[in-house]
Structures are given as structure tokens and as C-alpha cells.
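User: I'd like to learn how to read a structure feature by feature. Please take me through this one, with the general idea before each case.

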Amino acid sequence: MAKMVREIVLKYKMRKITEEEANNGYLNRVSRPDEAVNAVSDLADSGIEKFVCLFLNAKNKILVKQLMNAGTVNKATPIIREIFRYAIACDATGIIMAHNHPTGEIEPSKEDKEYTKAIANAGELLNISVLDHIIIGRDLDTGEIKHYSFACTGLLNN
């Protein structure tokens with residue numbers, strides 16, 4: 001929570017961003033799923049599921065990259081209220097969610113689909129766009145990072 005408060009305070013000051021902020025993607029523009037994947041690629045090698053949100057301003061620039069939940073080997077589901085609490089606190093107009101599958105298999109589960117739809121519906125009520133939900137994983141045979149984008153497949157808007 002302290003990191004988020006710091007980001008909110010710093011957002012309103014004219015200054016150069018620090019090296020740490022630059023490394024975390026602060027104020028990088030995200031307009032395509034592959035750019036979001038670059039911002040969350042550190043998730044690919046985690047042995048447990050982790051759920052991260054990128055909170056974006058009106059120009060799709062990253063305000064905060066926040067780990068919302070570190071779960072188990074096959075589940076990480078943060079409370080929806082907590083996602084939007086962060087979004088409101090940092091004046092985000094958009095959210096890109098991402099989580100990893102430690103197995104490397106990137107196909108969404110039924111629960112992934114239902115959870116994504118529930119978050120998108122909550123975002124509509126609050127006028128905060130849920131732009132994408134990305135599942136990321138490293139192919140255990142080739143070592144390549146793969147991803148699945150709900151926005152690209154149309155599942156986010158159905």
C-alpha cells in the first residue's frame with residue numbers, strides 16, 4: 001500500500017522519474033498486448049500464480065504496476081474490490097490485468113473467464129475500462145514466453 005501512496009503523491013509533481021520507476025514501466029505507454037506482456041514478463045518464471053494489475057491514465061501510460069495476489073501453484077484470485085480500490089486511489093482510467101500459469105499452458109480456465117467478466121462488469125459500473133487480461137507462461141519445452149490476451153480473442157467484451 002505504501003508504494004501506491006508514494007506513486008500517487010509523485011504523480012502530481014513535475015520531476016524526472018527514478019531508475020527504479022523506469023525499470024517498473026512508470027509512464028510507459030501501453031497500447032498493444034505485447035507491450036503489456038513486456039511490462040509483466042517477470043511473472044513468467046514464478047513457481048506460483050501471481051496476479052498483477054497495470055493501472056493506466058487516460059493516455060494509457062502506466063501509473064502503477066501492483067502485485068494484487070500471490071496465490072498457490074494453480075490459483076491467484078484477488079478480491080475485485082481491492083483492484084478497484086487501487087484504481088480509484090491512483091485516478092486510473094484503465095486497467096490491464098495479468099497473471100501467470102506456472103505450467104506454461106496459457107489457455108484460460110473457466111474460472112479465468114468468469115473472473116475476467118466479473119471484473120469487466122465492475123469496471124463498467126465505475127467507469128474504469130478493463131482493457132485486457134493477459135495470461136502469461138513460459139513454454140517448458142522451448143523456454144519461450146507465451147501469452148493469451150482476452151482482448152485479442154474477444155472474450156473480454158462478450
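This is a predicted model: local features need pLDDT of at least 70, side-chain atom pairs count only at pLDDT 80 or more; totals for chains, interfaces and linings use all residues.

User: How many helices and strands does the chain have, and what pattern do they follow along the sequence?

Analyst: There are 6 helices and 5 strands. Going along the sequence, the pattern is α-α-α-β-β-α-β-α-β-β-α. Two figures for the whole chain are handy as well. Of its 158 residues, 43% are buried. And if you take contacts between residues at least 6 apart in sequence, 65% of them join residues at least 24 apart.

User: What should I look for in the backbone angles?

Analyst: Most residues other than glycine have a negative phi, and most peptide bonds are trans. D91 has one, at about 55°.

User: Where does D91 lie, and what is its relative accessible area?

Analyst: D91 is in the loop between helix 4 (80-89) and strand 3 (94-100). Its relative accessible area is 43%, so D91 is partly exposed. N127 is another case, a residue other than glycine with a positive phi near 60°. N127 is in the loop between helix 5 and strand 4. With a relative accessible area of 69%, N127 is exposed.

User: On to the rings, then. How do I describe an aromatic pair?

Analyst: A pair of aromatic rings is described by the distance of the centres and the angle of the planes. A search of the whole structure turns up 3 such pairs. One of them is F51 with Y115: edge-to-face, 5.8 Å centre to centre, with 90° between the planes.

User: Which parts of the chain does the pair of F51 and Y115 tie together?

Analyst: F51 lies in strand 1 (residues 50-56) and Y115 in helix 5 (residues 110-126), so the pair ties together parts that are 64 residues apart in sequence. Both F51 and Y115 are buried. Y148 and F150 make another edge-to-face pair, at 5.4 Å centre to centre and 80° between the planes.

User: Are Y148 and F150 buried or exposed?

Analyst: Buried means under 20% relative accessible area. Y148 has 11% relative accessibility, so Y148 counts as buried. F150 is buried too, with a relative accessible area of 1%.

User: What is in contact with P108, if I skip its neighbours in sequence?

Analyst: Leaving aside neighbours within four places in sequence, P108 is in contact with K113, I135, Y148 and F150. P108 itself is in the loop between strand 3 and helix 5, and at 11% relative accessibility P108 counts as buried. P108 and F150 are 42 residues apart in sequence, with their C-alpha atoms 8.8 Å apart in space. With a relative accessible area of 41%, K113 is partly exposed. From K113 to H133 is 20 residues along the chain, and their C-alpha atoms are separated by 9.5 Å.

User: How about V130? Which strand is V130 in?

Analyst: V130 is in strand 4 (residues 129-138). At 12% relative accessibility, V130 counts as buried. V130 and I119 are 11 residues apart in sequence and 7.4 Å apart in space, C-alpha to C-alpha.

User: Next, how do I think about pockets?

Analyst: Rolling a probe the size of a water molecule over the atoms shows where empty space is left. Here the largest pocket has about 270 Å³ of space. Its lining has 16 residues, and the closest to the pocket centre are E49, N74, K75, S109 and D112.

User: Which element gives the largest share of that lining, and how do the residues divide by type?

Analyst: Helix 5 gives the largest share of the lining of the largest pocket, with 3 residues. By type, the lining divides into 5 nonpolar, 7 polar and 4 charged residues.

User: Last one: how many disulfides does the structure hold?

Analyst: A disulfide is a covalent bond between the sulfur atoms of two cysteines. This structure holds 0 disulfides.

Methods
Residues are numbered from 1 along each chain as its sequence is written. Side-chain values use heavy atoms; hydrogens and water are left out. Rings of Phe, Tyr and Trp (its six-membered ring) pair if their centres lie within 6.5 Å; planes under 30 degrees apart count as stacked, over 60 as edge-to-face and the rest as tilted. Helices (H or I, at least four residues) and strands (E, at least two) are DSSP runs, numbered from the N terminus. Buried means under 20% relative accessible area, exposed over 50%, partly exposed in between (1.4 Å probe, protein chains only). On a 1 Å grid over the protein atoms alone, a cavity is a set of points where a 1.4 Å probe fits but cannot get out, and a pocket is an open set with protein on both sides within 12 Å along at least five of seven lines; lining residues have an atom within 4 Å of a point. Grid points are joined across faces, edges and corners, and a volume is the space filled by probe spheres set on the points. Ala, Val, Leu, Ile, Met, Phe, Trp, Tyr, Cys and Pro count as nonpolar, Asp, Glu, Lys and Arg as charged, and the others, Gly among them, as polar. A disulfide is a pair of cysteine sulfur atoms within 2.5 Å. Contact means heavy atoms within 4.5 Å.
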